[in-house]
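Here is a short note to read alongside the structure. The points are numbered and can be taken in order.

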Amino acid sequence: MNARREARSASREMERAAWRTWLGVLPAALLGVASAWAVDEAAYPQVSRGTVLEFPRDHGAHPGYRTEWWYITAWVTDGDGVERGVQVTFFRSRTGLQEDNPSQFAPTQLLFAHAAIADASRGALLHDQRAARAGFGLAGARSDDTAVRIDDWTLARDGGGYRAHIRARTFALSLRFAPAGPLWLQGENGFSRKGPKPEQASHYYSHPRLVVEGEIELEGRRLAVRGEAWLDHEWSSEYLAPEASGWDWFGVRFDDGGAMMAFRIRARDGGVFWAGGGYRDARGRRRAFEPRGVAVAQLRR
Amino acid sequence: MLPAALIIGPLLQHKTRLLLSVLAIALGIALGYAVQLVNRAALTEFGQAVQTLAGRADLTVRGPRDGFDETLYPRLAQRPEVAAISPMLEFDARLAQRDGSLRMLGLDVFRAAAVQPDLLPQPDAPLDVLRADVIFLSRAAAQWLTVAPGDTLAFQSGLSQVEFRVAGLLAEATAGQRLAVIDIAAAQQRFNRLGKLTRIDLRLWRGLAVERGRAARGLLLPAGTYLEAPQTTEASMAAMTRAYRVNLNVLALVALFTGGLLVFSAQALSVVRRRAQLALLRVLGVTRRGLVLLLLGEAAVIGALGGLAGLLLGAVTAQVVLERFGPDLGAGLYQGLQAQLQIDPLAALVFLLLGIAAALLGSLMPALDAARAQPAQAIKSGDEAALAQRLTPAWPGLAMLSLGVAGAVLPAVLGLPLFGYVSIALLLLGTIALMPRLAAVLLGRLPSPRRPEFALGLAQLQAAPGPAMVSLASIVAAVSLAASVAIMVASFRTSLEVWLEHILPADLYVRTSGYGDTGYLSAMAQQRLRDLPGVRRVEFLAGQKIQLDPGRPPVTLLGRDMDPRDPGRTLMLTGPVVVPAAKAPPPVWVSEVAADLYGYRTGDVVAVPVGGRAVALTVAGVWRDYARMQGALMLDIADYRRLTGDDTVADAGLWLEPGARRDHVVDALREALPETGLRIDSPAELREISLAVFDRTFAVTYALEAVAILIGLAGLSASFAALTLSRRREFGMLRHVGVVRAQVRRMLAFEGTLISALGVGVGLALGWLMSLVLIHVINRQSFHWSMDLYIPWMGLAAFAAAMLAAAALSATLSARRAMAGDVILAVREDW
């Protein structure tokens, strides 16, 4: 009995992971765009092994690096028991362009945001995105703590948790996220390798379990929702190597309180360029996966 | 079959006259249709340009040409009713390698994507749209500049140059407009406009009425900026060109009118010639009504032929004008637009009907006269045409003349001098209606000449002036129209010359203006000019565009060294002057256009948006300005600098030391300001340039004058021919009593000359009167420019002499034709 429930939970978790992968498709393309919005000639700092992340400062933006994102995926249930996937992502990109231009419009930092609501039972995905150059207080990312915005799309840390407000064309989100445990430094204390070269890496930490509470607005209806969420914050100057074409990402929360993250970076020639991930058990013990320790197999079409 | 033959047969008999009638109508139609087509093409293209620029915006915030503070952008962006917002820095950038300027749009592509998707560049590399040295061109701009992606394009920014790499083209929606898109930050920095925007386009959340949004934010906008719905831009542009178009259209109507007059004289002649034929038709059972319809049918054919030819000619002319001169008809309103000719079937139909109507009206009187004739009488040769035989009462003519004078004092209607045109038409018609009376009175006072043939001629005219009235009418119309336009143009040109003399007192001019918004002389450049060896004094002219009324195009705010006690030294004042008291707001001298459009009167204190604030100024005088069609406000340059915070200037006038050589100074100047982009001219050269522009603009009026004269002469010859033909019996009688052929010819030539002299004299007097209406009513109300009356005596005298000679010649020729064949036999026609 118990085992079956586990199995069902596991299968549900897998389903959720699949949803997350699907949800990931669009923002991944967007990240591709975001990294295309940067020149090669600018002097970007490299992430380095051994850097000790300090909080709350490292919750904030790292504008020197080429790319950075705050990535939330959530699974929420409304009062009628309908489950929906929710995703909110903010990207920051340093273009390396016009950095000596005193104009307030100088496009040195760009911000991209993507938000989506997926209704698994109906197979519907609503999504919207925004892009802006930082400036005038209308768009930007603060460096001292998480506070990133594009107009009325905001994500900010607030009293140990997070708040997100999104007003999209076909839906709206107003959610609070409270961490149910400590944050999880990925890789080697937040240094996550993304390729064979030392500079092919990012700083990366996660909040695998956040308790979500808030409202979504859908088809003119306001729904109170509750659920669980996962947040990633990652920054790098060289996330995707030139040989890489994209990546798959999996995050699995186990009912016992443990969590697993796994990713693989696809090579342009069709193979796997790099892989990685980690497991943290309910008591907070971490284990990082070696590139060869991650294998992905498709079970269902 | 028979009616067709009856219509076409006589038409073919008199090919020259037919051709002239058709031509006259064709010219009128062609001019009107061409103006219509060109304007339609321009407005369509302009409308599209407005649409692409505004995109899906519900409202556009605009401000003075040199922009407003960019902090307005975040303030508006945070308003709850704003769904999307796109800031823009829009200006005309002067090209470095060639004359001319290109409309430059500094865009934030991320913002424009939601508001003006048609303006987004299509780069090969996405990052190109953010590079400071990259430019995207519309297809029209790329073609105009003959550049392709990868090429370099240089612009003038201040006195230095900035270079851009052409990285691609804009979307196809912009293809017809010459414009370029660069990054907004690059635009601010590289064209020295940090902190400035010129427009912001807003999209509101659906459901929020445009009006409400406007009311909500109208209060928040700083002085000098204003909100406007994109569609009003188009409407105000259409209104702006209206006066210009209506003027050209009236010229077209004049051509049509003279065409109708020509049809009148040709048909009058034709009716006289075919009197017997027509009478035969009546005898054969054609009713009066049928005869009138037959003759009107002839006229309709002439009108249709002329109309069709005119439509064709008009379309070709419009195409040529659009290709060679662009769609602005020389008025300088639609710069950088490339308009496509679109044939307009409805307008074509209207113009065709107008041509037919003109011909029908022209032939109505002859047709009625022919139908009135008794067939039994008329079938015999030699019956006089009853045409214009009766002396009409004087009151209709007098009434029309007085109404004409009254019309001249009425104000414009919707910015158009409609009553002015009515006045001119009434003056002309009234005079023509009064001509028989006038001729009878004037000819009756002439002493009888000694030579018998001349005495006979005068006696004939005194006793029966009626038949000559057709000739008189056409000559009066032609002469008065030609003379009035000639006097108006001469007055304008002379006034312009005098004005140029007045405003160009210096020895040398250094100019950066007139080529977009980006050329100027910095404070340092100004000092270098002052320090030039051989230069005694330098005066500067600064200018920027400001918007006084959202519904109107911006006016020019100028700054110049002014002496409030003697502004007439610098400006050509047209009214009283006030010297503001010490504590009164600073003086502003407004141009006539500005005074007319905005109702400014000397002594008023007005609020003008300068430098982002509403500034109170005392209107200290009104001055004449032929340079700026949209109006200009002149400040003392010290006030200008203080109020605008702008110490750059556009132009400088240099006074040289006595004995200083001009070429030395020019060389020193080029050395002191080595950057390109300066024009150095003497006042004489500037005068020449201005007058050349003037002459080019008025070329079309010269052409129309020539047409009017030709038509007048053709009408004269036709009516003389009719006259002599109807008097064959009289000539035969004269020959019987011993008068020789040559004497008859001389008699006719004398009559013709006398009639012409009368017509030319009255025509000149009427022309003078009409020119007063043109100058003081029509031009003033259309363009708000005053001018002084100058009569080109020499030109008018030469014109009158030529008209007289041509008229005498034409009379002699028709006499010769009338006397050919056996005139003596003609007597026998009267059984």
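1. Among contacts in chain A between residues at least 6 apart in sequence, what percentage join residues at least 24 apart? The figure is 57%, where contact means heavy atoms within 4.5 Å. In chain B, residues 24 or more positions apart account for 81% of the contacts with a separation of 6 or more.

2. On provenance: this is a predicted model, in which local features need pLDDT of at least 70 and side-chain atom pairs count only at pLDDT 80 or more, while totals for chains, interfaces and linings use all residues. Residues are numbered from 1 along each chain as its sequence is written, chains are lettered from A and ligands numbered from 1 in the order in which they are written, and side-chain values use heavy atoms, with hydrogens and water left out.

3. Chain A has one helix and 17 strands, and chain B has 25 helices and 20 strands. These elements are DSSP runs numbered from the N terminus, helices being H or I of at least four residues and strands E of at least two. Of the 301 residues of chain A, 51% count as buried; for the 831 residues of chain B the share is 54%. Buried means under 20% relative accessible area, exposed over 50%, and partly exposed in between, with a 1.4 Å probe and protein chains only.

4. In chain A, A:His59 lies in the loop between helix 1 (2-36) and strand 1 (67-78). A:His59 counts as buried because its relative accessibility is 4%. Leaving out residues up to four places away in sequence, its contacts include A:Trp70, A:Asp145, A:Arg157 and A:His233.

5. B:Arg565, between strand 14 (555-560) and strand 15 (587-591), is exposed, with a relative accessible area of 66%. B:Arg565 and B:Val579 are 14 residues apart in sequence, and their C-alpha atoms are 6.2 Å apart in space.

6. The largest nonpolar core has 65 residues, and B:Leu472 and B:Ile475 have the most contacts inside it. Such a core is a set of buried Ala, Val, Leu, Ile, Met, Phe, Trp, Tyr and Cys residues joined through side-chain atoms within 4.5 Å. Elements giving two or more residues to this core include helix 14 (418-444), helix 15, helix 16 (469-503) and helix 23 of chain B. Helix 16 of chain B gives the most, with 17 residues. Beyond its neighbours within four places in sequence, B:Leu472 is in contact with B:Met435, B:Ala439, B:Ile755, B:Leu758 and B:Gly759. A second, separate core has 44 residues, B:Leu159 and B:Ile637 among them.

7. Helix 15 (residues 452-463) and helix 23 (residues 741-783) of chain B pack at an angle of about 50°, with their axes 8 Å apart. Axes are lines fitted to C-alpha atoms, for helices over the stretch in contact, and angles run from 0 to 180 degrees between N-to-C directions. The angle makes helix 15 of chain B oblique to helix 23 of chain B; under 35 degrees counts as roughly parallel, over 145 as roughly antiparallel, 65 to 115 as roughly perpendicular and the rest as oblique. Residues making the contact include B:Phe454 and B:Leu458 of helix 15 of chain B and B:Met747 and B:Phe750 of helix 23 of chain B.

8. Helix 22 (residues 728-736) of chain B also meets helix 23 of chain B: the axes come within 10 Å and cross at roughly 135°. That makes helix 22 of chain B oblique to helix 23 of chain B. B:Phe731 and B:Leu734 of helix 22 of chain B are among the residues in this contact, as are B:Val744 and B:Met747 of helix 23 of chain B.
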